[in-house]
Amino acid sequence: MAKREGAVHVATTERHYKGRVYLTHLLRRSYREEGKVKHETLGNLSHLPAEVIQLVRGSLGGEKFVHAEDAFEIIRSLPHGHVAAVLGTLQKIGLEEVIASRPSSERTLAIAMIVARVIEPSSKLATTRAIQEETCSSSLGQVLKIDHVKEDELYEAMDWLHERQDRIEKKLAARHLLEGCLVLYDVSSSFYTGTHCSLASLGHNRDGKNGYPQIVYGLLCNDEGCPVGIEVFKGNTGDPKTLGSQIKKIRERFGIKRVVLVGDRGMITTARIDQELRGVDGLDWITALRSPAIAKLARQGVVQLSLFDERDLAEVTSPDYPGERLMVCRNPLLAEKRSHTREDLLQATEKKLEKIAVATRRDKKPLSGKAEIGIRVGKTINAFKVGKHFQVKITERGFSYGRKTERIAEEAALDGIYIIRTSVPRESLAAESTVRAYKDLSMVERAFRCLKTVDLKIRPIFHWLENRVRAHVFICMLAYYVEWHMRQPLAPLLFDDDDRSAAENLRESIVAPAQYSPSAKEKAATKLTKDGYPVHSFRSLLKDLATLSKNRVRTKGEKSGSGEFGMLTTPTALQRRAFDLLEVPVNL
């Protein structure tokens, strides 16, 4: 009787021998012959990988398999890693609860603007487009579920945030400021290109944009450089005039009765000390003297070079500063630099003055007349800010000049010398700690660099309304607050020094220039971390994290919205390391 064709299948047998299990996978065909079911082995599949055997088994069982590219399609791929890092840090440090204890649409939009300011600083219109589903440039809108936000909603959230600024700053102060703490304060400004804001005014320009109005803002930080408050002033407000409101904020709004305020020599001036600081119980200060005051102390014999024969720091007193301590510091490297700089400026000025002198001696149409010569000299002599070191003689037909050698020598004798002034008693703060506290103002300057240029780009300022400008500046400060908390754990991957204690140990004294730790020097030289990862700036690391994408995948043939699911790209080793250091999840 003829064989009847049967089904082909995979048969698996199991055999035990000496405690081990052996599996055999055979490709078989089953058929009937003379009424009996028989099996024919077509091949042995045992040598194939398990997943291939499973594919063969499924295919023979009627399942259909297609290539992944034929089965799925990626509908959208959005940069996500930088969003997860910044938003995850913001949530980890509890900034959401600081802004508002209860969730709301305004709080969500405020958080979105803070995160957007860190990952991609831009105007509020551009931020709206970066969030909206149709035009988004990151996963921020999807993660926060605000991918249909409008520009006016962001403005309303800014107004809401501005109303809460006092409460938010009070919560930040409670976290980072204690009774008797050091508070660093400094002021900067940013130019304003419009004409409609009542805060914008001409003033001392720090941006090199002469002729443009500006706004002024003062930043309060703790002794580690963490920002706790910021206030906006009119563009023509002098630095010392901002001090009173900050003292009131610290003592009344923050409730800190004992505080040491640290400000530079242009901020905490003698006039401010006499009018607002001296005699206030619990309020002390640390500042520095200006050059004329140092020169006066030198003439009085209070400051003498013999003080620095064997040391670079000496504490002195003067009847001109009753009840205060003066720390006189001398940095030889700074002295050498100032000496070279002065000589370069003097020579550059002489070169310009010589051109005028030559013009008065030329044969054809010589420069003559006291008025004409005086105008040329007036425009030239102080071009490099050293006009005080020259004496000039102008006649109707000539012009001569020369250096004031005695005055130059008098100034040169004080090169590299600076004096820290404080009301803090010696038993509360040693001389070296006082100098260190003043030098810590560099952390506020670093914050301004991040706010203005490097990372957060507070300018240009697009807002007209006064409260919107204040809210914009406040958002930038909160963005720096998040960045500050990110930089600490990410330091091993950044050019930042991640071993400051070792760097401090290498420093000969607090007056000597700051040193880099051996690990920081190695990172700078090799451009690699200890783990072999490329060293980044904060901004370039965010760009690297942004390549970790959040993909929206859909089964082919399905209708829109059906059969869709999300999938992250596999993080690189560097990206995994960054998220491990931040201790935040990548899949928010």
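Which residues lie nearest the centre of the largest pocket? Of the 44 residues that line this pocket, S442, M443, R446, R500 and A514 lie nearest its centre. The structure examined here is a predicted model, in which local features need pLDDT of at least 70 and side-chain atom pairs count only at pLDDT 80 or more, whereas totals for chains, interfaces and linings use all residues. Residues are numbered from 1 along each chain as its sequence is written, and side-chain values use heavy atoms, with hydrogens and water left out.

Rolling a probe the size of a water molecule over the atoms shows where empty space is left. On a 1 Å grid over the protein atoms alone, a pocket is an open set of points with protein on both sides within 12 Å along at least five of seven lines, a cavity is a set of points where a 1.4 Å probe fits but cannot get out, and lining residues are those with an atom within 4 Å of a point. Grid points are joined across faces, edges and corners, and a volume is the space filled by probe spheres set on the points.

The largest pocket has a volume of about 1700 Å³. Two or more residues of its lining come from each of the helices α13 (332-361), α16 (431-439), α17 (442-454), α18 (466-490), α19 (500-506) and α21 (538-546), where helices (H or I, at least four residues) and strands (E, at least two) are DSSP runs numbered from the N terminus. Among these elements, α17 gives the most to the lining, with 7 residues. Sorted by class, the lining of the largest pocket holds 17 nonpolar, 7 polar and 20 charged residues; here Ala, Val, Leu, Ile, Met, Phe, Trp, Tyr, Cys and Pro count as nonpolar, Asp, Glu, Lys and Arg as charged, and the others, Gly among them, as polar.

The second largest pocket contains about 670 Å³ of space. Its lining is made of 22 residues, of which S291, R342, K388, E411 and D415 lie nearest the centre. At least two lining residues are supplied by each of α12 (291-300), α13, α15 (405-412) and β14 (417-422), and α12 gives the most, with 5 residues. The lining of the second largest pocket divides into 9 nonpolar, 3 polar and 10 charged residues. Helix α13 also holds E343, a residue that counts as partly exposed because its relative accessible area is 30%, given that buried means under 20% relative accessible area, exposed over 50% and partly exposed in between (1.4 Å probe, protein chains only). The C-alpha atom of E343 is separated by 35 Å from that of N505, which lies 162 residues away along the chain.

The largest cavity has a volume of about 70 Å³, and the residues that line it are A116, I119, E120, S122, T127, A130, I131, S137, S138 and L140. Both α5 (105-119) and α6 (124-131) supply at least two residues of this lining, with α6 giving the most, 3 residues. By class, the lining of the largest cavity comprises 5 nonpolar, 4 polar and 1 charged.

The second largest cavity has a volume of about 40 Å³, and its lining consists of M113, A116, R117, E120, P121, S122, K124, T127 and I475. Again α5 and α6 each supply at least two lining residues, but in the second largest cavity the largest share, 3 residues, comes from α5. The lining of the second largest cavity has 4 nonpolar, 2 polar and 3 charged residues.

In the loop between α6 and α7 (140-144) lies S139, which counts as buried because its relative accessibility is 0%. Leaving aside residues up to four places away in sequence, S139 touches L78, P79, H80, V83 and K550, contact meaning heavy atoms within 4.5 Å.

A further element of the model is an open sheet of 3 strands, in the order β4-β15-β16 and with antiparallel pairing; two strands pair if DSSP finds at least two bridges between them. The edge strands, each pairing on one side only, are β4 (72-79) and β16 (564-568). Strand β4 is joined by 7 bridges to the antiparallel strand β15 (residues 549-555), and F72 stands opposite T555 in β15.
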